[in-house]
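Trainee: Could we go through this structure together, one question at a time?
Mentor: Gladly; please keep the sequence and the model in view as we talk.

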Amino acid sequence: MDFAIETADLVRTFKIKRGEFLTAVDRVNLQVKPGEVFGLLGPNGAGKTTVIKILVTLLYPTSGRAFVAGHDVVREAEAVRPLINMVSGGETSGYGILNVRENIWMFSQFYGMPGKLAKERIDRYLKRFEMTGDAATKVNRLSTGMRQKMNIIRGFVTDPQILFLDEPTLGLDVHIAREVRQYIREWIAEKKDHTILLTTHYMAEAEELCDRIAIIDNGKLVACDTPAALRATMGEGGAFTLTLSPAPTDTTLVDQIPDVRNAYLAKSDGRTTGELRFTLNSDARLPEIFAAATQAGFAVRGFSKREHDLEDLFVKIVGRRLHEDE
Ligand SMILES: Nc1ncnc2c1ncn2[C@@H]1O[C@H](COP(=O)(O)OP(=O)(O)OP(=O)(O)O)[C@@H](O)[C@H]1O
Ligand SMILES: [Mg+2]
């Protein structure tokens, strides 16, 4: 089958100092099917943007090859460009002295869109993203969120066969981010043969939008599958919270139970109850934990379980959280 995006042993190194090189993309092999929303997930500096820059013909690979819609991104860059578009989160693109409509119009004309079609689409998108009232506002007067919505419109307006979204919801408030995700879903449902390659730091966003996800760390692809299959590799079990009274002062209670990992104390109201959190790969140990709690003189006031999510998988593979501050 023909892939929408394919890379073969793709490598990109950067020279950082005399004789010192950094491998930003390290033999990456990707095969993205037409119609897929494909997610690239990884911590800062993993190489996500570098992969995208190569695919959109902004950067040459050091070795290996990459194809977009069957065209080699190096040898046939001219054939790739009309078929694609790209939106990056936090970009300050656009010309400040032009207004919103003029900016989007200008980009539509870079793609050679017929005037009538461009005008219709721009109007439709402005309305869809509740920006009709801002059409005449100069870009340098827009808030970050409004500017990003304009960038998103610029990405969709040319109806690209393959759309690259590099952290499209970065810095957006919850409401606008949701609106953007909602539109991505609508667009891909409507245009069955169109493809999106998306990067994000947000696990939940990747789970919500992506048909398949590749986890990238230090330039290397470390996992690639559907969100469900990736989660299934974690097995059963999950993250548990026990609310105990009186509040425990350490994690001894669960430390003695085999298979318990990452036990820590959370929320304690100082007197009556406290939370003990831990992960387990199987639910089979739970009765033992409840019995141990009772025996140690605790009353169990609450209990909850969260199934393993992609963040847990990320920790397992990469050895740290996506966001170091969590
Ligand atoms: N032009 C460049 N010159 C030197 N090093 C670069 C250059 N561009 C990227 N790098 C390095 O390559 C690595 C990968 O960067 P890249 O921007 O692809 O990461 P990323 O996964 O997009 O990260 P983030 O989540 O922060 O956007 C980083 O170590 C970065 O410092
Ligand atoms: Mg990046």
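Trainee: Which residue just after α1 takes a positive phi?
Mentor: This is a predicted model, in which local features need pLDDT of at least 70, side-chain atom pairs count only at pLDDT 80 or more, and totals for chains, interfaces and linings use all residues. Residues are numbered from 1 along each chain as its sequence is written, chains are lettered from A and ligands numbered from 1 in the order in which they are written, and side-chain values use heavy atoms, with hydrogens and water left out. Helices (H or I, at least four residues) and strands (E, at least two) are DSSP runs, numbered from the N terminus. Just after α1, a positive phi of about 65 degrees is taken by Thr57.

Trainee: Why is α1 described as largely enclosed by the rest of the structure?
Mentor: Here buried means under 20% relative accessible area, exposed over 50%, and partly exposed in between, with a 1.4 Å probe and protein chains only. In α1 the buried residues are Lys48, Thr50, Val51, Ile52, Ile54 and Leu55. The helix α1 is largely enclosed because, of its eight residues, the number buried is six.

Trainee: Which element gives the most to the shell around ligand 1?
Mentor: A residue is near a molecule if one of its heavy atoms lies within 4 Å of it, and 13 residues surround ligand 1, the closest being Asn44, Gly45, Lys48, Thr49 and Thr50. At least two residues of this shell come from each of β2 (20-32) and α1 (48-55). With three residues, the element that gives the most is α1.

Trainee: What percentage of ligand 1 does the protein bury?
Mentor: We can begin with polar contacts, which are pairs of N or O atoms within 3.5 Å; within protein, one must be able to donate a hydrogen and the other to accept it, and residues adjacent in sequence count only if both atoms are side-chain atoms. An oxygen atom of ligand 1 is 2.5 Å from an N or O atom in the side chain of Thr50, and one is 2.7 Å from such an atom in the side chain of Thr49. Accessible areas come from the Shrake-Rupley method with a 1.4 Å probe, and for residues only the protein chains shown count as cover. Taken alone, ligand 1 exposes 640 Å², and the share of that buried by the protein is 62%.

Trainee: Which element gives the most to the lining of the second largest pocket?
Mentor: On a 1 Å grid over the protein atoms alone, a pocket is an open set of points with protein on both sides within 12 Å along at least five of seven lines, whereas a cavity is a set where a 1.4 Å probe fits but cannot get out; lining residues have an atom within 4 Å of a point. The second largest pocket is lined by 13 residues, and those nearest its centre are Val56, Leu58, Asn85, Met86 and Tyr111. Both β6 (84-88) and α3 (100-110) supply at least two residues of that lining. With three residues, the element that gives the most is β6.

Trainee: Is Thr200 buried or exposed?
Mentor: Thr200 is found in strand β8, residues 195-200, and its side chain reaches the backbone nitrogen of Tyr202 at 2.9 Å. Because its relative accessible area is 2%, Thr200 counts as buried.
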